[in-house]
Amino acid sequence: MSSRTPTAAAPPAPTTVGRLRASGHRRESVKSEMRRNLLGALRDGRDPAPGLLGFGATVLPQLERALLAGHDIVLLGERGQGKSRLLRTLPLLLDEWTPVIDGAELGEHPFDPITPESRRRAAELGDALPVAWRHRDDRYLEKLATPDTSVGDLVGDVDPVKVAEGRSLGDPETIHFGLVPRAHRGIMAVNELPDLAERIQVALLNVMEERDIQVRGHSLRLPLDVLLVASSNPEDYTNRGRIITPLKDRFGAEVRTHYPLELDDEVAVIRQESQLVGEVPDHLLEVLARFTRLLRESTSVDQSSGVSARFSIAAAETVAAAALRRSAILHEPGERAVARPVDLDAVIPVLRGKLEFESGEEGREDAVLEHLLRRATADTVRGRLGGIDLGPLVSLIDQGTQVVTGDDVSAAELLGSLADAETVAPVIERLGARTEGERASAVELALEGLFLARRVAKDTGDDDGRTVYG
């Protein structure tokens, strides 16, 4: 979760149990609290999960029904489908501030202490028991499941320091609590749940069913109030590990995620998530989105591992970096570096390692990627420039005009290659190109489309890295 913003509302005023009770505050379970806030958002027409694209008609309704039912949830989907992002929106359904016993190890509600120490303090201090206020960001705990995760990490273990202080092993106060008890009155998220060893998953059974914990023979009844959510890749059930059947049975809901179904959503995800150091025009983002979608359909790529949204995000960032590098080398003044289709060539060598290919494609990886990138570019040209007569541009090139592009060719030099700028005016207008860099990118897209349609020739020099259309 992101850190609390300075504009967050100040916590409420009551600082003791007596004042809290006098204010009319009522204790509420975390699932009831989230149900109330989710219903309020739905009734007001507010988006309960802002920033999530492409899930509005599929994943989110399932998730909302699970939360309204008060179920623990496992999200099932391939890598890069936004499962972690979805989990991290859940704290937005918690109240911004909630009261806790000041100084308590587990953040217990002042009206309901559950540990021996907190109960003792409540009995001794009565209405003077101090109250602190915890922000919702601090009520979300997340653990990436790894094979070396221990029961102590998740549930707890005997604290040798407390034993050394003279307490007996039978004393429940010798327990050092793990992440799940520390998520009391909040949300506990376990990413990649099948990566937990099966014996570790067994330790969660009591937490999910009985809402208590057992540590090294201690049966400490802690009525934990926690929403447990997890993520998993479908392949994990049979590949790296699996979710044991009794634990799967205890999750009330299994929600399947997916990659964006619509091209516009794919582009929007790239635009939202990428950190671009230069300008990447929409037509190039569309090429990358189409490229990613073609990879997800390709029989040459191992679809069981998926093609993550992180691939297209990293591709956009790489294209922007290529544009920035060219701008620095050429000392281009003024405007922000603008990416052009020639920068797409940087994607394949940099990001090939993010994909898993079928065994029969060994040695053909680059050829497969280059073919699909050309298809994505051609599809984008048809979608973006369909209906525009590019005949005048073809005629200009047939008459001997050559347009040069490359890592060391500026936007001004590329545009200067065109003796008659009017031939590309419809392209520039259709793509909304305003700056010199945007106009050069638009012209280059049209030329690449003509080459892929076999209407003009293209020569890429091996020595100087320049590409000549003509």
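A: The crossing of helix 15 and helix 19 is left-handed, a term used when the near helix is turned anticlockwise from the far one by less than a right angle. The model is a predicted one, in which local features need pLDDT of at least 70 and side-chain atom pairs count only at pLDDT 80 or more, while totals for chains, interfaces and linings use all residues. Residues are numbered from 1 along each chain as its sequence is written, and side-chain values use heavy atoms, with hydrogens and water left out.

Helix 15 covers residues 365-385 and helix 19 covers residues 436-452; helices are DSSP runs of H or I with at least four residues, strands are runs of E with at least two, and both are numbered from the N terminus. The axes of the two helices come within 9 Å and cross at roughly 115 degrees. Such axes are lines fitted to C-alpha atoms, for helices over the stretch in contact, and angles between N-to-C directions run from 0 to 180 degrees.

The residues of this contact (heavy atoms within 4.5 Å) can now be named. Helix 15 contributes Arg374, Thr377, Ala378, Val381 and Leu385. From helix 19 come Leu445, Ala446, Glu448, Gly449 and Leu452. Sorted by class, six of the contact residues are nonpolar, two are polar and two are charged. In this scheme Ala, Val, Leu, Ile, Met, Phe, Trp, Tyr, Cys and Pro count as nonpolar, Asp, Glu, Lys and Arg as charged, and the others, Gly among them, as polar. The charged pair is therefore Arg374 of helix 15 and Glu448 of helix 19.

The three strands form an open sheet in the order 12-14-13, with antiparallel pairing; two strands pair if DSSP finds at least two bridges between them. Strand 12 (403-405) and strand 13 (458-460) stand at the edges with a single partner strand each, so one side of each has no neighbour in the sheet. From one strand to the next, the twist averages 15 degrees.

Within the sheet, strand 12 and strand 14 (residues 467-469) run antiparallel and are joined by three bridges.
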